[in-house]
Amino acid sequence: MPDDLKIYASCVVAPCRPVLLFLKEHCIDYSYTEVNVLKNEHLTPDFLEKNPKHTLPVIQHNGVCISEGPAIINYLHDTYRVQRLSKEIQSQVDQMVSWSCEQLHWNIGFSYVYPQIYSEFALEDSTSNNKLIETGIKKVCEDLDTIEKSYLHSNKSWLLGVRTTADFTIASIVVVLELVNFDFKMWPNVISWLERVRSLPHWEEVHKFHDDVVRQIREQNGTSDYL
């Protein structure tokens, strides 16, 4: 069994968390290197050799580097012979994992949350930035409607009827909305589902940085949990 797996990730970067959850859930041994994106460590020559796209997470195994969460999870599935579901269910899982790390993260993060709290993601012109955020919230609501009505209808506990990698992958992106005190009350099924995902093993450990930041924001604003 391979035993030289390395992961380069950041506690700040949401797409890193599903990969860490997958590793921990399946008891896969790995060494961890924290890449401080706030100090631009992902732009150093050493890191760019591993991933010229300078994105996180990245794994290194047997001298080969792999980036992008969905590709990493698929690689781990095959390399460590993690049991897959039926072909039909697994194809849906793969599709939803890709959606979460691409469209969903773009809409929630880069079009709505990040322009509000990180200057490097905000447009220089405040009017344009406000328009970006206005468009972003519409896309976010559409995505939450999709999760609520298409996947969590009829009191389903999990997105695909059984718990899969898709649940904690999508949830890891959805909770980014907590950074701006987003109110989920229009999506009660999503609220209940998030509560179930939060109770999964290793969730609290992997999301500690996120939860600490959210707690600080709510203390500063005098607000309480929406979930």
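Two strands count as paired here if DSSP finds at least two bridges between them, and helices (H or I, at least four residues) and strands (E, at least two) are DSSP runs numbered from the N terminus. You're looking at a predicted model, where local features need pLDDT of at least 70, side-chain atom pairs count only at pLDDT 80 or more, and totals for chains, interfaces and linings use all residues. Residues are numbered from 1 along each chain as its sequence is written, and side-chain values use heavy atoms, with hydrogens and water left out.

**Stop 1: the sheet**

Select residues 6-9 and 58-61. These are β1 and β3, which run antiparallel and are joined by three bridges. Pick out Lys 6 and you'll find Gln 60 of β3 standing opposite.

Now bring in the rest of the sheet: four strands, open, in the order β2-β1-β3-β4, with mixed pairing. At the edges sit β2 (31-34) and β4 (64-67), each pairing on one side only. From one strand to the next the twist averages 20°.

**Stop 2: helix α6**

Select 165-174. Is this helix mostly covered or mostly open? Mostly covered: ten of the ten residues in α6 are buried, buried being under 20% relative accessible area, exposed over 50% and partly exposed in between (1.4 Å probe, protein chains only). Among the buried residues are Phe 168, Ile 170 and Ile 173, along with Asp 167 and Ser 172.

What does the covering? Look for α1 (16-25), α3 (69-79), α4, α5 (126-151), α7 (188-198) and α8 (203-206), which are included in what covers the buried residues of α6. Contact here means heavy atoms within 4.5 Å.

For the contact itself, show Asp 167, Phe 168, Ile 170, Ala 171 and Val 174 of α6 against Trp 193, Leu 194 and Val 197 of α7.

**Stop 3: α4 against α5**

Next, select 87-117 for α4 and 126-151 for α5. Here the packing angle is about 145°, and the axes are 8 Å apart. Side chains to show in α4 include Trp 99, Leu 104, Ile 108 and Phe 110, while those they meet in α5 include Leu 132, Ile 137, Val 140 and Tyr 151.

While you're on α4, click Gln 95. Gln 95 counts as exposed, at 53% relative accessibility. Draw a distance from its C-alpha to that of Val 82, 13 residues apart along the chain, and you get 18 Å.

**Stop 4: the rings**

Finally, show Trp 106, Phe 110, Tyr 114, Tyr 118 and Phe 121, a cluster linked by ring pairs. Rings of Phe, Tyr and Trp (its six-membered ring) pair if their centres lie within 6.5 Å; planes under 30 degrees apart are stacked, over 60 edge-to-face and the rest tilted. The count by this rule comes to nine aromatic pairs.

Zoom in on Tyr 114 and Tyr 118, a tilted pair at 5.7 Å centre to centre with 45° between the planes. Tyr 114 and Phe 121 are tilted too, with centres 5.5 Å apart and planes at 40°.

Notes: Axes are lines fitted to C-alpha atoms, for helices over the stretch in contact, and angles run from 0 to 180 degrees between N-to-C directions.
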